[in-house]
Each structure stands twice: as structure tokens, then as C-alpha cells.
Amino acid sequence: MKEMILQTKVAVCTYDELQTADREVVDAARAATANSYAVYSNFNVGAAVRLSNGTIVSGSNQENAAYPSGLCAERTTLFWANSQYPNEAVETLAIAARTAQGELEMPIPPCGACRQVILETEKRFGNTIRIILYGAKQCYIIEDGIKALLPLSFDSAFLE
Ligand code: THU
């Protein structure tokens, strides 16, 4: 029997070590946590994307009393960005979170459903999305795009 080993490369750095352009997207995600509607979880998530025309768009998680009707910050942001700028590729995605205690020290990764939407966004525009996960103590940068976070993924190729 053969084995496949699927590896994920993550660059670890502090906020201060981020490039200026990345810090801008991260700051937009951090600021977006203030607009989160998280009255049930009290877990405020913000996301932001830099598009191929340089525009930065942000969003936050929006919860609902019917829990599954709510939406994560990442999907809110990607759907908003893609609906407003359908021809602009998403180049960078940043994610940040805070609770009543303040910003999280360690980065939060996107949930499985958001990973699937990030994958579709990569396929749609034909590029890899750089993913930056912000934590007050440490940040993770995933340069290789969603394949690093969602290996063996299902996409439109299987429908052909
Ligand atoms: N949430 C996000 O917005 N993004 C993530 O990556 C993880 C979870 C939201 C969903 C829900 O509103 C709250 O955080 C708690 O799960």
C-alpha cells in the first residue's frame, strides 16, 4: 500500500513583522470585529479581503436566533466582495476575532464551510488566495492558498 502525505506550510510571525500591505488587510479584519452581530456566541469575528484592484472589503459574522441561518465573517466578506466586484480576484484574506476579553492571542482558522467557499473563490478567479490569520501574539500566513487548509477537496472538476 502507498501513502500520500499532504503537508501544510504555515509562516508564523508577529503582527509587527507583517508587510505593510498585509497589515492593512489585517487591520481591516480587526476593525470589522466591531461590526460583528454575535449576540449568541459573543465571539466577534472580522474578515477582510484585498482585491486585484487594490480595494479592501471587510465583513463580520452575523448570527441569528435560528442558529444555522447566521453566517461566518469569511463568507459574509467573500460574498459581499464578489457581489460588489464580480470581476476582481480576491488576492488576500485576513481573519481576526475578539471576545469580551479582547482580541484573541492566537489566530482562529476558518471553519470547514468557509474553506469550501474560499476554494470556490480561488477557482472562480483562477488564483491562489493568501490567507492571514491574526492573533495578538502570533499571526499565521498561508501562502499556498486553500489547498493547504482543505486538502483532498471537492470542486467543480468532479462534476465534469
Ligand atoms: N465564526 C466565524 O465567523 N468565522 C470562523 O472562522 C469561525 C466561527 C463565527 C460563527 C459564529 O457566529 C461564531 O463565530 C461562533 O462560532
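Which are the buried residues of H1? Welcome to a predicted model, in which local features need pLDDT of at least 70 and side-chain atom pairs count only at pLDDT 80 or more, whereas totals for chains, interfaces and linings use all residues. Residues are numbered from 1 along each chain as its sequence is written, and side-chain values use heavy atoms, with hydrogens and water left out.

**View 1. Helix H1 and its buried side.**
The buried residues of H1 are Asp22, Val25, Val26, Ala28, Ala29 and Ala32; buried means under 20% relative accessible area, exposed over 50% and partly exposed in between, with a 1.4 Å probe and protein chains only. They cover an arc of only 155 degrees around the axis, which puts them on the same side of H1; the arc is that of the directions from the helix axis to the C-beta atoms. An α-helix has 3.6 residues a turn, so residues three or four places apart point the same way. Helices (H or I, at least four residues) and strands (E, at least two) are DSSP runs, numbered from the N terminus. The cover over the buried residues of H1 includes E2, strand E3 (56-60), strand E4 (90-99) and strand E6 (130-133), where contact means heavy atoms within 4.5 Å.

**View 2. Asn44 in strand E2.**
Asn44 lies in strand E2, which covers residues 44-51. Its relative accessibility is 13%, so Asn44 counts as buried. Among the residues that Asn44 touches are Thr33, Ala38, Asn61 and Arg98, leaving aside residues up to four places away in sequence.

Look for Arg50, which stands opposite Ile56 in E3. Four residues lie between the strands of this hairpin, where Gly54 takes a positive phi near 90 degrees.

**View 3. Around the ligand.**
The residues around the ligand include Ser41, Phe43, Val45, Asn61 and Cys72, each with a heavy atom within 4 Å of the molecule. A polar side-chain atom of Glu63 is 2.5 Å from a ligand oxygen atom. For Glu74, an N or O atom in the side chain lies 2.6 Å from an oxygen atom of the ligand. The backbone takes part in the view too: a polar backbone atom of Pro109 is 3.4 Å from an oxygen atom of the ligand.

**View 4. Ser83 in helix H2.**
Ser83 belongs to helix H2, residues 73-84, and is partly exposed, with a relative accessible area of 48%. A polar atom of the Ser83 side chain lies 2.8 Å from the backbone oxygen of Phe79. The side chain of Ser83 also reaches the backbone oxygen of Trp80, at 2.9 Å.

Terms used
Two strands pair if DSSP finds at least two bridges between them. A polar contact is a pair of N or O atoms within 3.5 Å; within protein, one must be able to donate a hydrogen and the other to accept it, and residues adjacent in sequence count only if both atoms are side-chain atoms.
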